[in-house]
Amino acid sequence: MPLAVPAASCADATAAGVRVAVRLVDLAADDRVTARAASVLTPAELARARRGTPAVQRRRVLLRAALRAALATELGVSPRAVPVRTTPSGRPEAGVPGLDVSCSAGGVLGLVAVGRDCRLGIDLEQVTPWTPDVLDEGWLDPAEQRALTRLPATARAVATARAWTQKEAVLKARGTGLLEDPRTTVTPIGQPAGTVAGWSMSDVPVPDGWVASLAVARDEERPR
Ligand SMILES: CC(C)(COP(=O)(O)OP(=O)(O)OC[C@H]1O[C@@H](n2cnc3c(N)ncnc32)[C@H](O)[C@@H]1OP(=O)(O)O)[C@@H](O)C(=O)NCCC(=O)NCCS
């Protein structure tokens, strides 16, 4: 699908009173762009990217390079010089006090979020047609399942994708990812903004066909 997201396209968001810089990343970029992106990665990042299929390799290279570029802009250094690290559970960390970062990919679109004096998580999903089978997948708690079925049928596909992105945004902010049961992070079905498990939640503007959520807490107000 042609997406035409310019490399520097932004969709900044504000949550918990914090301005978060969000970059949209074109993950369908050609070989020349991908090779240039690969040139800013460390050998370890490249080795990790190269463990996947060609499509996964391209996605990982482009997303990690975009993450480096976003941090480089904040820090005023070159993307290669950004001291980004990865925790044992896979969470990227800026490597600089007071700066946090998160990223996500959904098909040919990627997102990178960077914020100061806060902890954040971002997640992106492509919207797929609603099917009641989703209620049996085990990631929605009973109250969320009831709330989904009470929505008009036409609103359920987006609401389902948003519930997933809100959960993952929180789990990425915490750094646990899906090592934690997503059912226990209960979301306000049908609502793009609010508080989820103590995190300020907001929708991120993305092209039609995707939904993205950002979870943010100021450093001093970070939920346990
Ligand atoms: C976080 C997680 C849910 C994201 O999976 P996903 O929805 O398929 O992928 P997304 O595109 O939305 O996000 C991917 C990015 O999330 C980031 N990420 C990975 N684990 C993360 C974590 N625990 N916390 C925060 N961010 C994480 C990475 O930067 C990753 O990008 P990369 O694969 O290019 O490095 C999933 O990777 C996970 O549960 N990881 C933790 C558990 C695990 O398997 N750890 C393995 C040890 S490395």
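Which residue takes a positive phi in the hairpin of strand 5 and strand 6? In this predicted model, the residue is Gly107, with a phi near 65°. The hairpin has 2 residues between its strands.

| Strands | Sense | Bridges |
|---|---|---|
| strand 1 and strand 2 | antiparallel | 3 bridges |
| strand 2 and strand 6 | antiparallel | 6 bridges |
| strand 5 and strand 6 | antiparallel | 8 bridges |

Individual partners can be located in each pairing. Thr14 stands opposite Arg19 of strand 2. Arg23 has Val112 in strand 6 as its bridge partner, and Ser102 is bridged to Ala113 in strand 6.

Is strand 6 largely enclosed or largely open? Strand 6 (residues 109-116) has 7 of its 8 residues buried, so the rest of the structure largely encloses it. Burial here means that 20 or more other C-beta atoms lie within 10 Å of the residue's own. In a regular strand, side chains alternate between the two faces of the sheet.

Strand 8 runs antiparallel to strand 9 (residues 199-203), and 3 bridges join them. Thr195 has Ser200 in strand 9 as its bridge partner.

**Ligand shell**

Which elements each supply at least two residues of the shell around the ligand? They are helix 3 (54-75), strand 5 (99-106) and helix 5 (156-174). Strand 5 gives the largest share, with 4 residues.

The ligand is surrounded by 19 residues, of which the closest are Gly90, Arg91, Ser104, Gly177 and Leu178. By class, the shell holds 6 nonpolar, 7 polar and 6 charged residues.

**Helix packing**

Helix 3 also packs against another helix. The axes of helix 1 (residues 31-38) and helix 3 come within 9 Å and cross at roughly 55°. Helix 1 and helix 3 are therefore oblique to each other, and their crossing is left-handed.

**An exposed loop position**

Where is Gly138 found? Gly138 is in the loop between strand 7 (118-126) and helix 4 (142-150). Is Gly138 buried or exposed? Gly138 counts as exposed because it has 10 C-beta neighbours inside 10 Å, and the cut-off for exposure is 12 or fewer. Gly138 and Arg183 are 45 residues apart along the chain, while their C-alpha atoms are separated by 7.2 Å.

Definitions and conventions
Residues numbered from 1 in each chain as written. Predicted model: local features only at pLDDT ≥ 70, side-chain atom pairs only at ≥ 80, totals over all residues. Near = placed C-beta within 6 Å. Nonpolar A, V, L, I, M, F, W, Y, C, P; charged D, E, K, R; others polar. Pairing = 2+ DSSP bridges. Axes fitted to C-alpha atoms, helices over the stretch in contact; angles between N-to-C directions. Parallel < 35°, antiparallel > 145°, perpendicular 65-115°, else oblique. Left-handed = near helix turned anticlockwise from the far one by under 90°.
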